[in-house]
Amino acid sequence: MTVKEIADCLEELAPLPFAEDFDNVGLLVGDPGREVTGVLVTLDTLEAVVEEAVEKGCNLIVSFHPIVFKGLKKITGATYVERVVTKAIENRVAIYSMHTALDNVLSGVNGRICDVLGLDNRAVLIPSKGKLLKLTTYVPESGREALLQALFDAGAGQVGNYSNCSFSNTGEGTFLPGADANPTIGSRGNLHREPESQLHLTFTANREQQVLRALRENHPYEEVAYEVTALENSYQQVGMGMVGSLKQALDEKQFLDLLKSRFGTPCIRHSDFTGKKVQRVAVLGGSGAFAIGAARAAGADAYVTADIKYHEFYQAAGELLLADVGHYETEQFTKNLLHDYLTEKIPNFAISLSGTRTNPINYY
């Protein structure tokens with residue numbers, strides 16, 4: 001398999017258009033056409049991880065965090081990022097990053113945290129906006145049904161649990177074919193009027209290429225008039241964090257003990273106890289202080305995340321228990337998630353789980 005073929009497989013799990021705009025995801029280093037000898041899955045790509053990949057005969061690293069986050073203006077080995085990129089290029093090792101694309105899907109980072117905590121009745125905590133698109137196009141009435149079916153087959157018209165969703169208006173289209181045109185209907189140099197349907201279909205951002213390809217290949221006109229607009233509607237299936245319920249309510253100390261056990265951490269930074277039982281729990285892997293308000297609005301009794309600053313703990317406002325279990329700790333299950341996924345999707349292929357410890361934080 002090539003690097004691109006494995007990347008395509010990973011994008012079935014976490015489509016890159018679902019990543020946050022600030023992020024840097026996808027293939028960061030390497031040739032997409034290169035044959036893959038083995039895959040090493042890791043949370044972070046460090047020099048030691050590249051060395052481990054070389055030792056294990058793996059020329060593709062699938063990493064959660066992107067080693068290249070901001071633009072590199074020079075590569076001189078002055079920083080660990082530059083040294084990792086240099087070592088990867090020297091050893092012909094490709095690096096692919098998932099990051100917020102994997103954060104934002106139901107079966108990604110936060111879905112795995114929910115699995116670890118045994119949460120039921122799950123929902124996205126902060127549904128994404130701008131991940132839904134709308135296609136508007138115009139087609140002669142005689143070609144409407146065939147085009148609609150092609151667009152449905154490409155993934156357009158899916159709204160929640162409903163498929164084949166569309167809306168159409170009828171009207172009259174006009175066009176004047178030029179001297180070099182090859183019109184399906186009408187003739188060069190003559191203004192033509194045609195009964196047409198205006199079609200409207202929504203689709204997710206990751207389907208854009210397939211939908212537009214289906215439009216062009218199945219539309220009867222030589223030149224296809226269409227518009228794609230981004231919708232501000234929240235997409236309930238994609239977004240930051242999740243919220244769910246424990247099978248049995250726990251008091252707050254019991255809940256913190258559960259977190260220590262499941263996340264394998266010796267200490268947890270937390271806000272004042274509220275005196276309430278914990279059953280509804282919000283989670284967000286990595287730095288999640290920005291979602292404290294969303295957790296409160298979702299009616300969570302506790303919010304599990306990382307990197308909460310001193311003054312941000314006040315945002316609990318006595319309404320919920322904030323539990324900062326650590327950045328690495330909330331994301332530690334991610335590489336197992338990726339390893340399990342790739343092993344199932346590509347059986348009989350060398351998929352290795354990195355044994356390199358990449359957590360930069362130590363506890364004394």
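## The cavity

In this predicted model, the lining of the largest cavity is made up of 2 nonpolar, 3 polar and 1 charged residues. The residues concerned are Leu43, Tyr328, Gln332, Lys335, Thr356 and Thr358. The space inside the largest cavity comes to about 30 Å³. Searching the whole structure gives 1 cavity of 30 Å³ or more.

## The largest pocket

The largest pocket holds about 860 Å³ of space. It is lined by 29 residues, and those closest to its centre are Pro15, Phe18, Thr204, Asn206 and Arg207. Two or more lining residues come from each of helix H1 (3-13), strand E8 (192-204), helix H7 (208-218) and strand E10 (234-250).

Sorted by class, this lining contains 11 nonpolar, 12 polar and 6 charged residues.

## The second largest pocket

By class, the lining of the second largest pocket splits into 15 nonpolar, 10 polar and 6 charged residues.

At least two residues of this lining come from each of helix H3 (80-90), helix H4 (100-103), strand E12 (278-287) and helix H10 (327-331). Strand E12 makes the biggest contribution to the lining of the second largest pocket, giving 4 residues.

## Nonpolar cores

The largest nonpolar core has 57 residues, and the members that touch the most others are Leu102, Phe255, Leu259 and Leu342. Helix H1 contributes the most to this core, with 6 residues. H1 is also among the elements that give two or more residues to the lining of the largest pocket.

Which residues does Phe255 contact once its neighbours within four places in sequence are left aside? They are Leu246, Leu250, Val278, Val281, Ala302, Val304 and Leu321.

## Helix H6

Helix H6 spans residues 144-153, and its buried residues include Leu147, Leu148, Ala150, Leu151 and Phe152.

After H6 comes Gly155, which has a positive phi, near 110°.

## Ser128

Ser128 lies in strand E5, residues 120-129. Is Ser128 buried or exposed? Ser128 counts as buried because its relative accessible area is 7%, and the cut-off for buried is under 20%.

Apart from neighbours within four places in sequence, Ser128 contacts Glu20, Asn104, Asn233, Ser234, Tyr235, Val238 and Gly239. Between Ser128 and Arg213 there are 85 residues of sequence separation, and their C-alpha atoms are 25 Å apart in space.

Note on methods
Residues numbered from 1 in each chain as written. Predicted model: local features only at pLDDT ≥ 70, side-chain atom pairs only at ≥ 80, totals over all residues. Heavy atoms only, no water. 1 Å grid on protein atoms, 1.4 Å probe; cavity = no way out; pocket = protein on both sides within 12 Å on 5 of 7 lines; lining within 4 Å. Points joined across faces, edges and corners; volume = space filled by probe spheres on them. Nonpolar A, V, L, I, M, F, W, Y, C, P; charged D, E, K, R; others polar. Core = buried A, V, L, I, M, F, W, Y, C linked by side-chain atoms within 4.5 Å. Buried < 20%, exposed > 50% of the residue type's maximum accessible area, 1.4 Å probe, protein only. Contact = heavy atoms within 4.5 Å.
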